[in-house]
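I opened the file to look up aromatic pairs and the surroundings of the ligand. My notes follow.

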Amino acid sequence: MSPDDLDEMADLLGDPRVMEYYPRPKDREEAAGWINWNQRNYAEYGHGLWVIETHDGEFIGDCGLTWQKVNEAAALEVGFHVKASAQNLGFAAEAATACRDFASSHALASRLVAIIHHDNRPSQRVAAKIGMHRDRTLTHSSPIHLVYAMDL
Ligand SMILES: CC(C)(COP(=O)(O)OP(=O)(O)OC[C@H]1O[C@@H](n2cnc3c(N)ncnc32)[C@H](O)[C@@H]1OP(=O)(O)O)[C@@H](O)C(=O)NCCC(=O)NCCS
């Protein structure tokens, strides 16, 4: 993800259908901040959210690995956003599988989590498809979010 992706990232994160389970869609400035945040993640940790694209170079969305807080401790999260016109085609599951395998092969953490709004069924389904299960012993600061997890 780089500043060259701003138009596509602003469309993605500005789409109310994609941001249904967020407080509100992001404006262009916030999308630029999102790109900046991921570039800082790459520099600091060697990973972050990456752009998903097809072999033909079509922009699909983002997916990747970021550090979040679960049970008040740092936890490696896999996250994903897919543009509305490309949803339900398996892109998030494929990208999240690659991220899971990257986290495992690079020994980034002993556990992978996904922090998911309790009504967000597609996201819960993606988590399940890559081998995660809801873990009731793990909590996030937001009570309306569930924590899915798997050992790496
Ligand atoms: C979550 C999201 C990334 C999934 O992307 P995707 O590329 O469509 O995911 P996939 O195609 O790999 O899998 C989606 C699965 O959800 C299922 N699904 C879709 N809508 C569903 C619903 N309303 N209830 C239950 N399952 C649903 C699909 O059938 C599919 O499962 P299947 O392969 O067993 O049929 C996409 O919906 C999205 O961008 N949502 C908005 C952003 C978001 O919420 N991100 C996650 C934040 S935690």
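This is a predicted model: local features need pLDDT of at least 70, side-chain atom pairs count only at pLDDT 80 or more; totals for chains, interfaces and linings use all residues.

Entry 1, aromatic pairs. I searched the whole structure and got 2 aromatic pairs; rings of Phe, Tyr and Trp (its six-membered ring) pair if their centres lie within 6.5 Å, and planes under 30 degrees apart count as stacked, over 60 as edge-to-face and the rest as tilted. I noted tryptophan 50 with phenylalanine 102, an edge-to-face pair at 5.5 Å centre to centre with 75° between the planes. Tryptophan 50 is in strand β1 (residues 49–53) and phenylalanine 102 in helix α3 (residues 91–105), so the pair ties together parts 52 residues apart in sequence. Helices (H or I, at least four residues) and strands (E, at least two) are DSSP runs, numbered from the N terminus.

Residues are numbered from 1 along each chain as its sequence is written, and side-chain values use heavy atoms, with hydrogens and water left out.

A ligand nitrogen is 2.8 Å from a polar backbone atom of phenylalanine 80. A ligand oxygen is 3.0 Å from a polar backbone atom of alanine 92. For alanine 93, a backbone N or O atom lies 3.0 Å from an oxygen atom of the ligand.

Note on methods
A polar contact is a pair of N or O atoms within 3.5 Å; within protein, one must be able to donate a hydrogen and the other to accept it, and residues adjacent in sequence count only if both atoms are side-chain atoms.
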